[in-house]
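My notes follow in the order I made them.

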Amino acid sequence: AAVPAGAIWNDTGGSTLQFLRLGSSARALGMGEAYGPVAAGAEAVYWNPGGMARLNRADLAYSHSDMLGLLRLEHLAYAAPLRRFGGVYGFSATMFHQEPISLVTNANQKVGSFSPHGESFAIAYARHLIIGEDHPLRDRGFFQDLWRHPGAWEPLDHEPEPWTGSLALGGALKFVSETIYDESAWAAALDVGAHFRPVDLPELSVSGVMRNLGSTPKFRTQSEALPLEGTAGVAIDLDMGRQRVIPAFEAA
């Protein structure tokens with residue numbers, strides 16, 4: 001469920017390449033886009049590049065969105081561990097296109113049609129870090145850690161340290177473009193994201209993401225900013241026996 005949203009700026013049409021905000025993945029859209037603290041695998045290339053860091057095998061994701069029969073969005077992403085150098089790398093491609101629009105003269109005579117479209121291509125990298133002095137692979141001894149959640153660790157004997165835990169950092173470099181009739185504009189942009197799980201509560205995930213931080217695309221003489229977004233989120237993975245429930249909250 002998404003709360004009603006209001007415009008932050010008076011100039012609500014003051015950014016271009018709005019297809020970058022449409023989102024991908026049925027799971028993410030079904031969760032009202034509160035997906036930053038939940039994103040993992042190939043889908044994380046779009047939602048939170050830091051979420052890729054916990055991937056231990058290759059992952060492929062594809063989604064198709066058809067909006068009002070007029071707008072279509074295709075998203076394809078791939079991510080895999082980079083075992084020789086550490087971390088996880090990923091790629092994604094997003095294709096947006098509209099149904100043809102009539103091309104008319106000043107006298108309202110139809111002389112053809114055109115289809116606006118946009119593209120985004122990204123390459124991403126993420127790495128997993130341990131924050132705190134008690135590294136799980138250093139001086140731990142056998143049977144001294146409690147593994148109660150995938151991708152997280154917890155020493156059996158330690159003082160509460162909320163700042164200690166598992167940190168995943170990632171970034172995605174994107175090339176984006178948009179074409180309207182015979183005019184095109186392009187830009188380079190960066191997405192950065194982080195996941196943090198505290199050692200005392202590894203079921204909890206806290207996230208922060210910045211998307212579309214980059215150059216300004218220009219149509220002829222008109223320049224418009226990219227749709228810059230910042231999010232902060234939190235989710236908790238509840239194990240209920242045969243079922244798992246993951247409540248998530250994210251502010252954008």
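Entry 1: I began with strand E1 (residues 59–67) and found it joined to E2 by 9 bridges, with the two strands running antiparallel. Strands here are DSSP runs of E with at least two residues, and helices are runs of H or I with at least four, both numbered from the N terminus. Two strands pair if DSSP finds at least two bridges between them. The model is a predicted one, where local features need pLDDT of at least 70 and side-chain atom pairs count only at pLDDT 80 or more, while totals for chains, interfaces and linings use all residues. Residues are numbered from 1 along each chain as its sequence is written, and side-chain values use heavy atoms, with hydrogens and water left out.

**Entry 2: strand E2.** Is E2 mostly covered or mostly open? I found that 8 of the 11 residues in E2 (residues 71–81) are buried, so I noted the strand as mostly covered. Buried means under 20% relative accessible area, exposed means over 50%, and partly exposed lies in between (1.4 Å probe, protein chains only).

On to the next partner: E2 is joined to strand E3 (residues 88–98) by 11 bridges, and these two run antiparallel. Within this pairing, Ala77 has Ser92 in E3 as its bridge partner, and Pro81 stands opposite Val88 in E3. The hairpin of E2 and E3 has 6 residues between the strands, and Gly86 in its turn has a positive phi of about 85°.

Entry 3: Which strands make up the open sheet, and in what order? I listed 9 strands in the order E1-E2-E3-E6-E7-E8-E9-E12-E15, with antiparallel pairing. The edge strands are E1 and strand E15 (248–251), each of which pairs on one side only. The twist averages 15° from one strand to the next; for such angles, axes are lines fitted to C-alpha atoms (for helices over the stretch in contact), and the angles run from 0 to 180 degrees between N-to-C directions.

Entry 4: I counted 16 bridges between strand E7 (residues 165–180) and strand E8 (residues 183–198), which run antiparallel. Leu167 has Phe196 in E8 as its bridge partner. The hairpin of E7 and E8 has 2 residues between the strands, and Tyr181 in the turn has a positive phi of about 60°.

E8 also meets strand E9 (residues 204–214), through 7 bridges and again antiparallel. His195 stands opposite Ser207 in E9, and the hairpin from E8 to E9 passes through 5 residues.

**Entry 5: Phe219.** I found Phe219 in strand E10 (residues 218–219). Is Phe219 buried or exposed? Phe219 counts as buried because its relative accessibility is 18%. Leaving aside neighbours within four places in sequence, Phe219 is in contact (heavy atoms within 4.5 Å) with Thr16, Glu178, Ile180, Glu183, Ser184 and Ala185. Phe219 and Ile180 are 39 residues apart along the chain, and their C-alpha atoms are separated by 9.2 Å.

**Entry 6: rings.** I looked up the aromatic pairs and found 7 in the structure. Rings of Phe, Tyr and Trp (its six-membered ring) pair if their centres lie within 6.5 Å; planes under 30 degrees apart count as stacked, over 60 as edge-to-face and the rest as tilted. The pair of Tyr89 and Phe91 is edge-to-face, because the centres are 5.5 Å apart and the planes are at 75°. Tyr89 is partly exposed at 26% relative accessibility, and Phe91 is partly exposed at 39%. Ring pairs also link Tyr35, Tyr46 and Trp47 into a cluster.

**Entry 7: the whole chain.** The chain averages a pLDDT (the predictor's confidence in each residue, from 0 to 100) of 84, and 82% of the residues score at least 70. Over residues 135–143 the pLDDT is below 50, and beyond near neighbours in sequence this stretch has 8 contacts in the model.
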